[in-house]
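Hello,

Here is the structure I said I would pass on. Please open it first, then read the notes below with it on the screen.

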Amino acid sequence: AVGTLSTYWLTDGLLDTSVEVCPPAGATTANHEMTATTPARRLRLVPGAGVAPRGWVVTLAVALGVVALALDEGASDLTSRSVAGILVWWAVLLAVAFSLFPRAPMPPLARAAGAALAAFTVLTGASAFWAPSPERAFLEFGRVGLYLGLFALAVLAARPGDGRRWSDGLALGIAVIGCLALAQRLLPGLLPATDIPRLLPSAGSRLSYPIGYWNGLALMLGLGLPLLVRAAIAAETLLARAAAVVPVPIVVAAMYLTSSRGGMLAATVALLVFLALTPRRFAALQAIAAAGVASGIALAVLADRPALVDGTPGSAAAEAAGPEVAALIALVSILSGGAYAALTTIAPQQLRVPRLAALALVVVVVAGAGAAAVAADPAERFRSFKQPPAPSAGDGGEFVGSHLLSGAGSGRWQYWGAAFDQFQAHPVAGQGAGSYEAWWAQHGTIDWFIRNAHSLWAETLGELGLIGLVLLLAVFTAGAVAAVARVRGTAGTARTVPAALAGVVA
């Protein structure tokens, strides 16, 4: 859902910050602060507060929506997902019927992304006619229909220039989720416990609250990092910039406790894309450095307490160490905000590097990355990734840290291989939405119960064939094309918004 909304914000042109201000009749232009060169800022009339409160309302509404869905385990339960879908589509229908959200026509890329997502939804529902379980296909139709409803609601509710507010709302919501997740582990009894240690002991030490799945939690937290860094370098006040850095060490600590390599990879890709596209790279590097040092300290504090990291959540040892660790991480996070605030006052926000020096730096970085890749022995890691998981994988021991550095695939190669086999058997339109579970039960090479292929792309290829994969790719391709266009067509601080959203989509 986060990716879908970010794609919309890019394709719909919500990042356009041009504002036409008409002074009231009889007023002189001397009573107004208006400049044609003020990028990415709301032009406020001096005699009054303007419409700034609406910006806060939009930001808080997006944040509350994200947090509410997260506390409901991401609406992964059928009942919750159905209720969310009904509410979203009722909001869409009421907005259309009563013109509650008047807006300008959608740009071509937004229409292309919306049409591809709608066609993907229709294909998902139609696959009930050839799927082995029409009921499963219908349930998947409801899931994809919820994403389409969110896209449509954003089309109706957002206005040009809202991209920054919606981006900040996502960042705020994800920061709150990170704080709640870490507090659930460090302060047991304060927040509800999960049933995972009882239902799946091998993964009992992995943090999953409130999403309900460790990889899902880590991926969502990782998507928030470029949004928080963007706020840290583009906020209008020094206090707001410092406040945007404070949650980063907490979010990183929560991601570490999930032991999710996919989440770490997603966060890395998102930050690299943001750094590549933002015009304020030096300022972004300062924010990342301040938050990175604090995050390293927070991870060191956690790694020094193995009973808290790898032990059973809620145990006596974990309860004894939790409050102290929570206080230390909170202190380090606050200090990181203060350090970044001090850094912004003494260090330049822009750094002009001579072309020759920049080229030399690129060569050094590429050479270092190549050397690190060779030292990691990618061939051996690929062989390790393809091996089926051992029966006792994840049982006891120091799992969290070792798993993050491991090259094992945890069965992913086998899951993806089964999806590709399903595609080969049904190449055009697949076997039908929700059919992977049955295919795996018949053809899986590991004696495990698996419902999903652990890859959106592989599962779509198996269940909906080439048609489904092309439609799904079209949605995010529109977002990628729009990202390039928005970044190239936006100047100054305003460019940080499409840069951050492009990182999320990537």
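Start with helix 11, whose buried residues are Gly263, Ala267, Ala270, Leu271, Phe274 and Leu275. Seen down the axis of helix 11, these buried residues fall within an arc of 130 degrees, so they line one face of the helix. Leu265 and Leu272, on the other side of helix 11, are exposed. Keep in mind throughout that this is a predicted model.

What do the buried residues of helix 11 pack against? Their partners are helix 8 (214-234), helix 10 (247-258), helix 12 (281-303) and helix 21 (496-505).

The length of helix 11 can be checked by hand. The helix covers residues 261-277, which is 17 residues, and at 1.5 Å a residue it should span 24 Å. At the N-terminal end, helix 11 is capped by Ser260. A side-chain oxygen of Ser260 lies 3.0 Å from the backbone nitrogen of Gly263, and Gly263 is also one of the buried residues listed above.

Next, a pair of helices. Two packed helices are described by the angle between their axes and the distance between the axes. For helix 18 (residues 412-425) and helix 19 (residues 436-443), the angle is about 105 degrees and the axes are 10 Å apart. Helix 18 is therefore roughly perpendicular to helix 19, as angles of 65 to 115 degrees count as such. On the helix 18 side, the residues that meet helix 19 are Gln414, Tyr415, Ala418, Ala419, Asp421, Gln422 and Ala425. On the helix 19 side they are Tyr436, Trp439 and Trp440.

The loop between these two helices contains Gln431. Is Gln431 buried or exposed? Its relative accessible area is 15%, and buried means under 20%, so Gln431 is buried. Leaving aside residues up to four places away in sequence, Gln431 touches Trp130, Ala131, Pro132, Gln422, His426, Trp439, Gly462 and Glu463. With Gln422 there is also a polar contact of 2.8 Å between the two side chains. Gln422 and Trp439, both touched by Gln431, also take part in the meeting of helix 18 with helix 19.

Last, the chain as a whole. The secondary structure comes to 21 helices and zero strands. The chain has 506 residues, and 45% of them count as buried. Among contacts with a separation of 6 or more, 76% are between residues 24 or more positions apart.

Regards

Notes. Residues are numbered from 1 along each chain as its sequence is written. This is a predicted model: local features need pLDDT of at least 70, side-chain atom pairs count only at pLDDT 80 or more; totals for chains, interfaces and linings use all residues. Side-chain values use heavy atoms; hydrogens and water are left out. Helices (H or I, at least four residues) and strands (E, at least two) are DSSP runs, numbered from the N terminus. The expected span of a helix is 1.5 Å times one less than its number of residues. Buried means under 20% relative accessible area, exposed over 50%, partly exposed in between (1.4 Å probe, protein chains only). The arc is that of the directions from the helix axis to the C-beta atoms. Contact means heavy atoms within 4.5 Å. A polar contact is a pair of N or O atoms within 3.5 Å; within protein, one must be able to donate a hydrogen and the other to accept it, and residues adjacent in sequence count only if both atoms are side-chain atoms. Axes are lines fitted to C-alpha atoms, for helices over the stretch in contact, and angles run from 0 to 180 degrees between N-to-C directions. Angles under 35 degrees count as roughly parallel, over 145 as roughly antiparallel, 65 to 115 as roughly perpendicular and the rest as oblique.
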